Amino acid sequence: MHILGLCGSLRTGSLNRRLLEAAHRVLPNEASLELSEHVAALPLFDEDLEVEPLPEAVQRFQAAIRDTDAILVASPEYNGSLTGPLKNALDWASRPGGDAVLGGKPLAVVGASPSRFGAAWAQAETRRTADRIGARVVPLELPVAGAAEAFTASGDLRDPELADRLQRLVTALVDLARGRTELERLAMEGDAVEVGAAPPSVAA
Ligand SMILES: Cc1cc2nc3c(=O)[nH]c(=O)nc-3n(C[C@H](O)[C@H](O)[C@H](O)COP(=O)(O)O)c2cc1C
């Protein structure tokens, strides 16, 4: 299972990027996380750019969203909300109009901040925006407060309770994605079971 990691911070040494790396290490075995470089490459959203061919960076980003099984977002809080680059990426992921590439995608959100609130508002805003676009959003949060001191030298979360919450959050994301993948596989193989249909008979 492939998870695309989107970071709302573009800076070198981002604490939120570190949080995505910590998430990578606690994923269930069958899942892998790829840190996306798309967010920084996207042009500012502009409906005038929505003509064929779309800008290459947008094509690459939308294909990456379409092709992934799930998305994990980590965003700092800028002035009480998600960051501009992340909102821009979500706006591109909300297109094409009426058929958003983000539609139906399992998505979870975490966040880190040096403050004592752990980017909780940014996470809430990100979940709300993703939900509005039609993603299937994991209803959990992971506010990593005091983030400058929150990681060990090897990059894990220092607080065992937070580390446990991170593991539970990514497991919930993988479970959500696994359900979808399973249903799609059954549908593709023509094995989808009609709800209420009689169970197949078992030979004695
Ligand atoms: C423009 C700006 C606005 C910020 N606003 C907030 C804020 O509202 N709440 C908060 O907890 N931290 C705020 N911060 C501090 C960031 O959380 C901090 O810089 C954080 O380390 C950025 O995340 P990063 O390490 O992943 O780049 C702000 C930082 C900047 C540059």
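Which residues have the most contacts inside the largest nonpolar core? They are Ile 3, Leu 19, Leu 72, Leu 142, Val 144, Leu 157 and Leu 166, in a core of 30 residues. A nonpolar core here is a set of buried Ala, Val, Leu, Ile, Met, Phe, Trp, Tyr and Cys residues joined through side-chain atoms within 4.5 Å. Buried means under 20% relative accessible area, with a 1.4 Å probe and protein chains only.

The model is predicted: local features need pLDDT of at least 70, side-chain atom pairs count only at pLDDT 80 or more, and totals for chains, interfaces and linings use all residues. Residues are numbered from 1 along each chain as its sequence is written, and side-chain values use heavy atoms, with hydrogens and water left out.

Helices (H or I, at least four residues) and strands (E, at least two) are DSSP runs, numbered from the N terminus.

Leu 166 touches Leu 19, Ala 22, Ala 23, Val 26, Val 110, Leu 142 and Leu 157 (heavy atoms within 4.5 Å), leaving aside residues up to four places away in sequence. There is also a second, separate core of 25 residues, with Leu 42, Ala 100, Val 101 and Ala 135 among them.

Strand 1 is largely enclosed by the rest of the structure, because 5 of its 6 residues are buried. Two strands pair if DSSP finds at least two bridges between them. Strand 1 runs parallel to strand 2 (residues 32-35), joined by 4 bridges, and His 2 has Ser 32 as its bridge partner in strand 2. Strand 1 also pairs with strand 3 in the parallel sense, over 5 bridges; there, Gly 5 is partnered with Leu 72.

Overall, the protein has 6 helices and 6 strands, in the order β-α-β-α-α-β-α-β-α-β-β-α from the N terminus. Of its 204 residues, 40% are buried. Among contacts between residues at least 6 apart in sequence, 75% join residues at least 24 apart.

The mean pLDDT (the predictor's confidence in each residue, from 0 to 100) is 92, and 89% of residues reach 70 or more.

Methods: Buried < 20%, exposed > 50% of the residue type's maximum accessible area, 1.4 Å probe, protein only.
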